[in-house]
Amino acid sequence: MFPSTLPAPRLPDAQQIPTLRWGIVGPGWIADHFASALCQHTRQQLTAVSSRRYDKAQAFADKWSIPHACAGIDALLAREDIDAVYIATPHNHHFPDGLRALQAGKHVLIEKPLALNAREGEALQQAARQAGRLCVEAMWCDFAPKYDVIRQLLADGALGDIHSLIADHGEFFTPDHRIFNADLAGGPMLDLGSYLIAFSILVGGAPERIAAQGEPAPGGVNGQTAMLFTHARGVQSVLHTTLFSNTPGTAVIAGRDATLCLDGQFYAPGNFRLVSSDKRRTLHWEEPANRYQQLCHEINHFAWCIGQSLTDSPIRSLTTSLQTLRAMDEVRRQTGVVFNEER
């Protein structure tokens, strides 16, 4: 039945969010957005930051009033005044850095992707279980209010039987961008493509069959990939990602009773509309496109999980992250993409 109103997003009670002492590993572009969201929109504390270059760590610490700058991850992990660690290093460092943090007894939030492949992801899951610590992939869109409204619409059956998901994510990058660097696990799959695949799993569950075609880019990485996923109950996802061009970045979830249309970029803060199949009724979700300020939601959720003594996220569990990695592994197998660390 078509709803009369959209459900309200469910956010954790602020009184149940403890203040954690955070360490940041890798003070780059995304860490800067993370620090901004944490400082401006949460009650969390930044305690230390580490980089292989001490001067870079110190500059980041100065910018965000972080008390301690550390030369390397080991110096940060040795500190007893760190409760949680945010891993924001390049993709191919997520697994080793996350593993070291867990083995040091820290809770860890790992920037997407959780790891390069499912084998590494499974090792992180095992390490988290052995340490009794929380390990979460920072797939930031999953924790945002917009995605919670979408999850509720799907759970309530507002769209009826779902048959189709169509989504794309393409951006133009200059040739010197790190996404074309094979030494940094470049290509679209771990960046742009991860949003597509994670969203398709949110809608349809882990794919039962995958068909993929890719095109190479200079530098020895994949440049674009087209994917067709078949999920349970006849759901199909048609997905495309490219590094060569800007594309609309929209997504459509089509059900028998209603269609959900997300403006581009579909995973970021922004608008969507739910339209009944007879086109007589429409509901709108509208929000400011404040983008990375919404990183605060993953930060608050992570801290809430610690306050609830959880060792897995009820929003983005490690099982869900592993489903995404396994799908990406199969896409890469079909398109012949092998990362240097896998050779």
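Predicted model: local features only at pLDDT ≥ 70, side-chain atom pairs only at ≥ 80, totals over all residues.
**Helix α1**

Helix α1 covers residues 29-41. The buried residues in α1 are Ile30, Ala31, Phe34, Ala35, Ser36, Ala37 and Leu38. Their packing partners include three strands, β1 (21-25), β2 (45-51) and β4 (84-87).

**Cysteines**

The whole structure contains 0 disulfides. The sulfur of Cys39 has its closest cysteine sulfur in Cys296, 12 Å away, which is too far for a bond because a disulfide needs the sulfur atoms within 2.5 Å. Cys296 is likewise in no disulfide, its nearest cysteine sulfur being that of Cys39. Cys39 is partly exposed, with a relative accessible area of 38%, whereas Cys296 is buried at 9%.

**The loop between β6 and α6**

Asp142 lies in the loop that runs from β6 (135-138) to α6 (145-155). Its relative accessibility is 5%, so Asp142 counts as buried, the limit being under 20%. Leaving aside residues up to four places away in sequence, Asp142 touches Tyr147, Arg151, Ile315 and Arg316.

Phe143 is found in the loop between β6 and α6 and is buried, with a relative accessible area of 5%. Beyond four places in sequence, Phe143 touches Val136, Glu137, His297, Glu298, His301, Ser313, Ile315 and Arg316. Phe143 and Phe302 are 159 residues apart in sequence, while their C-alpha atoms are 9.7 Å apart in space.

**Surface patch**

Ile166, Leu228 and Val238 form a nonpolar patch on the surface, and together they have about 240 Å² of accessible area. Leu228 belongs to strand β9 (residues 221-230) and is partly exposed, with a relative accessible area of 34%.

**Salt bridges**

The model has 16 salt bridges. The table gives three of them.

| Glu122 | Arg326 | 3.1 Å |

The side chains of Glu122 and Arg326 meet in a salt bridge. This pair links distant parts of the chain, with Glu122 in helix α5 (residues 118-131) and Arg326 in helix α9 (residues 318-335), 204 residues apart. Glu122 is partly exposed at 34% relative accessible area, and Arg326 is partly exposed at 42%.

Asp263 is in the loop between β12 (258-262) and β13 (272-276), and Arg273 is in strand β13, 10 residues apart. Asp263 is partly exposed, with a relative accessible area of 34%, and Arg273 is partly exposed with a value of 34%.

Glu330 and Arg333 are 3 residues apart in helix α9, and therefore about one helical turn separates them. An α-helix has 3.6 residues a turn, so residues three or four places apart point the same way. Glu330 is partly exposed at 23% relative accessibility, whereas Arg333 is exposed at 58%.

Salt bridges also link Arg10, Asp148 and Arg151 in a network. Arg151 is one of the residues that Asp142 touches.

Terms used. Residues numbered from 1 in each chain as written. Heavy atoms only, no water. Helix = DSSP H or I, 4+ residues; strand = E, 2+ residues; numbered from the N terminus. Expected span 1.5 Å × (residues − 1). Buried < 20%, exposed > 50% of the residue type's maximum accessible area, 1.4 Å probe, protein only. Contact = heavy atoms within 4.5 Å. Patch = residues over 30% accessible without salt bridge, like charges linked within 9 Å, V, L, I, M, F, W, Y side chains within 5 Å. Areas by Shrake-Rupley, 256 points an atom, 1.4 Å probe, with all protein chains shown as cover. Salt bridge = Lys/Arg side-chain N within 4 Å of Asp/Glu carboxyl O.
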